[in-house]
Amino acid sequence: MTALLRPAVEADLVDIVRIERSCFADPWTEESFRRLLGGQPAIFLVAVFPPESAVAGYVIAFSVGEDAELLNVAVDPGFRGRGLAGQMLDAVLIELGSRGVRTAFLEVRESNVAALGLYGSRGFTEIGRRRAYYRRPIEDALVMRRVLDVSEGDEDRSAGTFADR
């Protein structure tokens, strides 16, 4: 079943914070999420499954000019294994491309095998390492990059094929 993706709203914050705490050892605060709501250049999407429309996951990216950073992708543990993280990542890459972003970056724990597999499957490659970037537990972050290049004549590609490049 495909999730419905929509912009996050304040009413989603309780679920977002709950998911954040279940996914990350050093979670963001509710206030951190609140500051991103409706703000440009942030992209803050939630995934819901009708008819309950409970938040099953979220993705956050930030763009400035031709560069973007993927800040967070998180899926409620009860909804994992359904391709939701990939669906959200594809959606945010499509949105970034529509904003003229050419390069997307992210950091990921070096031990997060599932995330590394997801990002690799979407064309991200490792370009560096940030020593002791994560605090709980202390661990290096791998810096990854994906070039969102659109070749001459590809400007009219459908959104559905953009993320599959």
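Predicted model: local features only at pLDDT ≥ 70, side-chain atom pairs only at ≥ 80, totals over all residues.

**Overall.** I started with burial: 39% of the 165 residues in the protein chain are buried (under 20% relative accessible area, with exposed over 50% and partly exposed in between; 1.4 Å probe, protein chains only). Residues are numbered from 1 along each chain as its sequence is written, and side-chain values use heavy atoms, with hydrogens and water left out.

I then read off 5 helices and 7 strands in the protein chain (DSSP runs numbered from the N terminus: helices are H or I with at least four residues, strands E with at least two). Along the sequence the pattern is β-α-α-β-β-β-α-β-α-β-β-α.

**Around S4.** I followed S4 (residues 67-75), which pairs with S3 (residues 55-64) in the antiparallel sense over 8 bridges; pairing takes at least two bridges found by DSSP. Val59 has Val73 in S4 as its bridge partner. The hairpin of S3 and S4 has 2 residues between the strands, and there Gly65 takes a positive phi near 60°.

S4 also pairs with S5 (residues 103-109), this time in the parallel sense over 4 bridges. For Glu69, I found Phe105 as the bridge partner in S5. With helix H3 (residues 84-98), S4 and S5 make a right-handed β-α-β unit (with the strands pointing away from the viewer, the path from the first strand over the helix to the second runs clockwise).

**Ala68.** I picked Ala68, in strand S4. Is Ala68 buried or exposed? Buried, because its relative accessible area is 5%. Ala68 touches residues including Phe62, Leu96, Val101 and Ala104 (contact means heavy atoms within 4.5 Å). Ala68 and Ala104 are 36 residues apart in sequence, yet 4.7 Å apart C-alpha to C-alpha.

**Pocket.** Which elements supply at least two residues each to the lining of the largest pocket? I got H1 (13-23), S4, H3, S5, H4 (113-121) and S6 (125-135). S4 gives the largest share, 7 residues. By class, I noted 20 nonpolar, 5 polar and 8 charged residues in this lining (Ala, Val, Leu, Ile, Met, Phe, Trp, Tyr, Cys and Pro count as nonpolar; Asp, Glu, Lys and Arg as charged; the others, Gly among them, as polar).

Key
Lists of a residue's contacts leave out its neighbours within four places in sequence.
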